[in-house]
Amino acid sequence: MQLALTVPLFVVIYRRRAWAGHLFSAFVIAGDTLLNLYIVDKYKLRAGPLAEENWYLFAYMFQKPWTKFGSLIVGIAAAWLYVELLNYRKLEYDDLRAQFYPKLNWCVKCKTLHHFLFLGGAVVVLTNLLIGHSAIASPYSWSLG
Amino acid sequence: MLSKWGKNEGSNSVSAWLVSFSLSRCWDSLASSRCKLWDNRELDLIEGFKFFCFFLAQLCLTAQFLMCTQTINPWTIEKFFQEVAFTIVISSNLMCEAFVAFSGFFGAYRLFLLYDANGSFSFKEYAKYVGRKYFRLAPAFYVLFFVSWAVFPRLGAGPIWYQASYMFQDCDKYWWSQLLFIGNIYPYFSAPNAGCFFWSWII
């Protein structure tokens, strides 16, 4: 609910100037990433959720909406791209599609990209779900770097 | 509460509201398309992914709840953490991120269409957007909150059953912030096994 309140701001900026929308999104994602790094460093949060330091994990990271802006903006940018795709599909002829949406046309036609995204997505999901096993089994097994 | 095939809906508004919590009505709502006439049905697929993310996030949060309250058994939990399958349960908290991304996608998609149709986006439309979301979520959320806070802890008994209310112990003071959907911001700090229903903010 809290994050949803900010979505119209991004939509309006995207619709005024698409490049400004991308720039603003990139700026917010960068700021959000730095903020998350700062929180992790300040409270010495660990990869293992049962580490003693992670007493603060929920309160200062998981619960706060400003640590989720990166994920939200990925969704907003995807929606912008999807609306572009819908406009692309409305064009009947391939040459018009290639003329008005050259990058999107390449993405739609490139089978290699589709396979890469599919396999890459599967690898990312499986990695994220399983990579933390040793840190969960033993909270201090991962170094702080 | 269980309306048979959703056909014995009440004629007045109160019974119609109660029937909206029936299992068959909820299943129908879950299984039916949320696409509008002008939407491509491929959006149902993305909605399905969103539901799956929500399910995994709930799996993780439920495990967290059970680990911190009246069903706690430290020795069993210690054994769970050594198993690879349980890693998926704990790592499912990452699905909250995916859920946020899908929510952002659907919200922005509707707003992009609205903006393109009207050529602008007024404060009135913003209020409508917020109001629709609030009225869609608030009734079920409030019922869940009050049942979890006031009813659930009274449904059992046992040596450690008092822990059933651990994660609602500050609700006497902060129930109003839950009603306003700001329970994660006020109070600013909540211990992971205390506070007042703090994990609900993600909706």
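Q: How do you know that α1(A) and helix α2 (residues 18–43) of chain A are placed obliquely, given their angle of about 140 degrees?
A: In this predicted model, α1(A) and α2(A) pack with their axes 5 Å apart at about 140 degrees, where axes are lines fitted to C-alpha atoms, for helices over the stretch in contact, and angles run from 0 to 180 degrees between N-to-C directions. Angles under 35 degrees count as roughly parallel, over 145 as roughly antiparallel, 65 to 115 as roughly perpendicular and the rest as oblique, and α1(A) and α2(A) are therefore oblique to each other. Helices are DSSP runs (H or I, at least four residues), numbered from the N terminus. Residues are numbered from 1 along each chain, and chains are lettered from A in the order in which they are written. Local features need pLDDT of at least 70, side-chain atom pairs count only at pLDDT 80 or more, and totals for chains, interfaces and linings use all residues.

Q: Why are α1(A) and α6(B) called oblique to each other?
A: The axes of α1(A) and helix α6 (residues 95–118) of chain B cross at roughly 50 degrees and come within 9 Å, and the two helices are therefore oblique.

Q: What makes up the contact of α1(A) with α6(B)?
A: Residues are in contact if their C-beta atoms, placed from the backbone, lie within 7 Å; those of α1(A) are A:Val7, A:Pro8, A:Phe10, A:Val11 and A:Arg15, and α6(B) contributes residues including B:Leu111 and B:Tyr115.

Q: How many residues does each chain bring to the contact?
A: The contact takes 35 residues from chain A and 35 residues from chain B, and α4(A) gives the most to the chain A side, with ten residues.

Terms used: Two residues are in contact if their C-beta atoms, placed from the backbone, lie within 7 Å.
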